[in-house]
Amino acid sequence: MKRITLLSATLLLCIGAAAQTPKNVKYSFTEASDLTLTGKLMPGTPNAYSRVDTLVYKGFTQGENYQVRLGAGMAVAFKTNSTVITVLTEYSPEGNKYETSSTTCTSYRGYDLYIKKDGKWLYAASGNARRTKPNENVLLIKDMDGSEHECLMYLPEYAEVYSVKVGIQDDAKIEALENPFRHRIVVHGSSFTQGVSTSRSGMAYPSQLGRRTGLQMINFGCAGNCKMQSYFCDVLCDVEADAFIFDAFSNPSAEIIEERLVGFIDRLIEAHPGTPLIFQETIYRERRNFNVENEKFEGAKNVMARKLFAQMKSTKEGKQKYKDVYLITTCATTPEHDTSVDGTHPDDHGYYLWSKSIEKQVVKILAKYGIR
């Protein structure tokens, strides 16, 4: 018995020694766009890591033009037997300047690595280049066991990148992984959808929902600017999607919702007949707790949304025309209302609660359309 135990311990030590990453490891690099990009909104963009081709789609403000060129929600899927994974980034000039007080740099300009274990995506590592050294090779993880792993690495949430190179030890191999997600569910919304105030770039609620359900959630969040504008609708009408989820009531006032909602939906129905359009009520923002004006302003949004949905489906013709349009509820907080970072945006746990609050509702609706 002692001999067997000793032999087992020796084997474990040998495996550990073999898997240890060399101190002076030599790397080989592969451009992420040569692997598999998941969550990409539109193909054929001049920059592979952009969501929208702003040479084709016009009307955006300067800030919006930058936002739609970001890779928020996109991830690169690959498999490798390397014991070490690094990432080398070329940021755009704007991408190396952005700062925020409520979102960590690992989220807005860094990477979030997941590895599949027992059929589920498990957090593995995260990291980001320093603003003072934006082109450094960033170590994400080392000393893995040297067996082949399926990996999913989320791109920066709020930094435009021109090049993303995945680094492995030069005697290892890396291959594109077949897209691990099913269908194309486009999620359009505010900073909430984009993932502002997350600690890591894979923690926005669409990404969390995608990892749990296996459905490809394509993030088209644009912080502060999701107000059902006609030029955003131009993109949404042209995009290929099996379903849409909207966080459309967080940025606009009740008056703008009343002015734009029905026309926005009508255009989408015409462009995507028979496609489910799932609208979410905006979440409860904790800054409402003691601010009377905020309470009034925020409460009016959900009241208006419910009113308009009731009106749209109040007649036989309306029920038929809007049969594929849904309004669902959301929750991103606890009874104690302690999941907010800044009174507006949830923290990671709040986004988890949000994704859980809509999961059953979304899955049930999508199943009606054969989207599973």
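A polar contact is a pair of N or O atoms within 3.5 Å. The exercises below concern a predicted model.

**Exercise 1. The surroundings of Thr 106**

Task: Determine in which helix Thr 106 lies, whether Thr 106 is buried or exposed, and which side chain Thr 106 joins in a polar contact.

Solution: 
- Step 1. Locate the residue: Thr 106 belongs to helix α3, which covers residues 105–108.
- Step 2. Apply the cut-off: buried means under 20% relative accessible area. Thr 106 has a relative accessible area of 16%, and therefore Thr 106 is buried.
- Step 3. Examine the polar contact: the side chains of Thr 106 and Asn 128 are joined at 3.0 Å.
- Step 4. List the neighbours: leaving aside residues up to four places away in sequence, Thr 106 touches Tyr 111, Ser 126, Gly 127, Asn 128, Ser 199, Arg 200 and Ser 201.

**Exercise 2. Helix α8**

Solution: 
- Step 1. Identify the buried residues of α8: among them are Glu 298, Met 304, Leu 308 and Phe 309.

**Exercise 3. The largest pocket and the cavities**

Task: Describe the lining of the largest pocket, and state how many cavities of 30 Å³ or more there are.

Solution: 
- Step 1. Begin with the pocket: the largest pocket has a volume of about 280 Å³. Its lining comprises 17 residues, and Lys 120, Trp 121, Gln 208, Arg 211 and Arg 212 lie nearest its centre.
- Step 2. Classify the lining of the largest pocket: eight residues are nonpolar, four polar and five charged.
- Step 3. Count the cavities: there are two of 30 Å³ or more. The largest cavity has a volume of about 100 Å³. Its lining has 14 residues, with Gly 73, Tyr 154, Phe 181, Ser 207 and Met 217 closest to the centre.
- Step 4. Turn to the second largest cavity: its volume is about 30 Å³, and its lining residues include Ile 283, Tyr 284 and His 345.

Terms used. Residues are numbered from 1 along each chain as its sequence is written. This is a predicted model: local features need pLDDT of at least 70, side-chain atom pairs count only at pLDDT 80 or more; totals for chains, interfaces and linings use all residues. Side-chain values use heavy atoms; hydrogens and water are left out. Buried means under 20% relative accessible area, exposed over 50%, partly exposed in between (1.4 Å probe, protein chains only). Helices (H or I, at least four residues) and strands (E, at least two) are DSSP runs, numbered from the N terminus. On a 1 Å grid over the protein atoms alone, a cavity is a set of points where a 1.4 Å probe fits but cannot get out, and a pocket is an open set with protein on both sides within 12 Å along at least five of seven lines; lining residues have an atom within 4 Å of a point. Grid points are joined across faces, edges and corners, and a volume is the space filled by probe spheres set on the points. Ala, Val, Leu, Ile, Met, Phe, Trp, Tyr, Cys and Pro count as nonpolar, Asp, Glu, Lys and Arg as charged, and the others, Gly among them, as polar. A polar contact is a pair of N or O atoms within 3.5 Å; within protein, one must be able to donate a hydrogen and the other to accept it, and residues adjacent in sequence count only if both atoms are side-chain atoms. Contact means heavy atoms within 4.5 Å.
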